[in-house]
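Q: I am new to this structure and would like a close look at a single part of it. Please keep the answer plain and connected.

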Amino acid sequence: MWFLLSFIPDWFINYFVHIIFGVGVVGIIVGAFLSKVPFVSQYGFLIKIVSNILFVVGLFLEGGLQTELAWREKVADLQKKIEIAQQQSKETNAKIEQKVAEKVKNIKDNVNANRQIIEENRVVINAECKLSDTAWLLYNGASQNAVAGSASRPTATGK
Amino acid sequence: MPWPEVPADLLQPANNLKPLPEDKKTLTDLIENANENFGTYYQIKSKYEAWQEWYNSQKKVYESVK
């Protein structure tokens, strides 16, 4: 039932509650005055009763209203914070994405540069060395995080 | 607060290191293969560091909301 209050605009609830409370206060004063005036004193008594009821209800609603408004303010603050946080999160992601892309590009550039140098020196590098089968197996075992067998009986057991 | 997005690059699976093909047994083949694998390693390292940065920065953002 109370959640329905959230659909009513702040200004309307504010006016409604203040009016009830105000009418209660004014009614008490008027009632007190009228109850002393001859001929209308019986109305003054009635006004006093109604005004007292309105005053009590108004006071209760004023308390409830302040609580409701305080909560609404908190919710609005939190929503604002969340919006800012979401924006910050997006900006951070964009920065990270850019940084990763730059790093990966640099790494690929370096790999390509090294590949070119290796290609240029292919003949010189290969002139005095050729890999044995055992070396090949051990190298692949290491790169695949698998244990190659002994040098005399090499068996790569990688996945 | 909704779960923060992760940059798409960081969700890509990591590449495996490449073995040396059976018909490639010269020293340059090995160096080329190592060169490529080192490149793969550094790419994965940069993404790993990016994950750490992502976690720390998102944590800071999350804590600023409390």
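Q: In which hand of crossing does α1(A) pass α2(A)? Please take that pair of helices as the part to look at, and then place it in its surroundings.

A: The crossing of α1(A) with α2(A) is left-handed. The model is a predicted one, and what follows should be read with that in mind.

Begin with the chain that holds the pair. Chain A has four helices and zero strands, and the order along its sequence reads α-α-α-α. It has 159 residues, and 9% of them count as buried. If one takes the contacts in chain A between residues at least 6 apart in sequence, 38% join residues at least 24 apart.

Now the pair itself. Helix α1 of chain A covers residues 10–34, and helix α2 of chain A covers residues 41–120. The two pack with their axes 7 Å apart and at an angle of about 150°. An angle over 145 degrees counts as roughly antiparallel, and α1(A) and α2(A) are therefore roughly antiparallel to each other. Sorted by class, the residues in the contact of α1(A) with α2(A) are 20 nonpolar, nine polar and four charged.

Between these two helices lies a loop, and A:Phe39 is placed in it. The phi of A:Phe39 is positive, near 75°, and the residue is not a glycine. A:Phe39 counts as exposed, because it has 7 C-beta neighbours inside 10 Å and the limit for exposed is 12 or fewer.

α2(A) packs with helix α1 of chain B, residues 27–65, at an angle of about 170° and with the axes 9 Å apart. That angle makes α2(A) roughly antiparallel to α1(B). The contact of α2(A) with α1(B) holds 14 nonpolar, twelve polar and nine charged residues. Thus α2(A) is roughly antiparallel to α1(A) and also to α1(B).

Seen at the level of whole chains, the contact takes 30 residues from chain A and 31 residues from chain B. On the side of chain B that touches chain A, 14 residues are nonpolar, ten are polar and seven are charged.

Further along chain A comes helix α4, residues 133–143, whose buried residues are A:Trp136, A:Leu137 and A:Asn140. These three cover an arc of only 95° around the axis, which puts them on the same side of α4(A).

A:Asn145 is found in the segment after α4 of chain A. Its phi is positive, about 55°, although A:Asn145 is not a glycine. A:Asn145 has 10 C-beta neighbours inside 10 Å, so it counts as exposed.

To return to the part asked about, α1(A) and α2(A) cross in a left-handed way, at an angle of about 150°, with A:Phe39 in the loop between them. On the side of chain B, the partner of α2(A) is α1(B).

Methods:
Residues are numbered from 1 along each chain as its sequence is written. Chains are lettered from A and ligands numbered from 1 in the order in which they are written. This is a predicted model: local features need pLDDT of at least 70, side-chain atom pairs count only at pLDDT 80 or more; totals for chains, interfaces and linings use all residues. A residue is buried if 20 or more other C-beta atoms lie within 10 Å of its own, exposed if 12 or fewer, and partly exposed in between; C-beta atoms are placed from the backbone. Two residues are in contact if their C-beta atoms, placed from the backbone, lie within 7 Å. Axes are lines fitted to C-alpha atoms, for helices over the stretch in contact, and angles run from 0 to 180 degrees between N-to-C directions. Angles under 35 degrees count as roughly parallel, over 145 as roughly antiparallel, 65 to 115 as roughly perpendicular and the rest as oblique. A crossing is left-handed if the near helix is turned anticlockwise from the far one by less than a right angle, and right-handed if clockwise. Ala, Val, Leu, Ile, Met, Phe, Trp, Tyr, Cys and Pro count as nonpolar, Asp, Glu, Lys and Arg as charged, and the others, Gly among them, as polar. The arc is that of the directions from the helix axis to the C-beta atoms.
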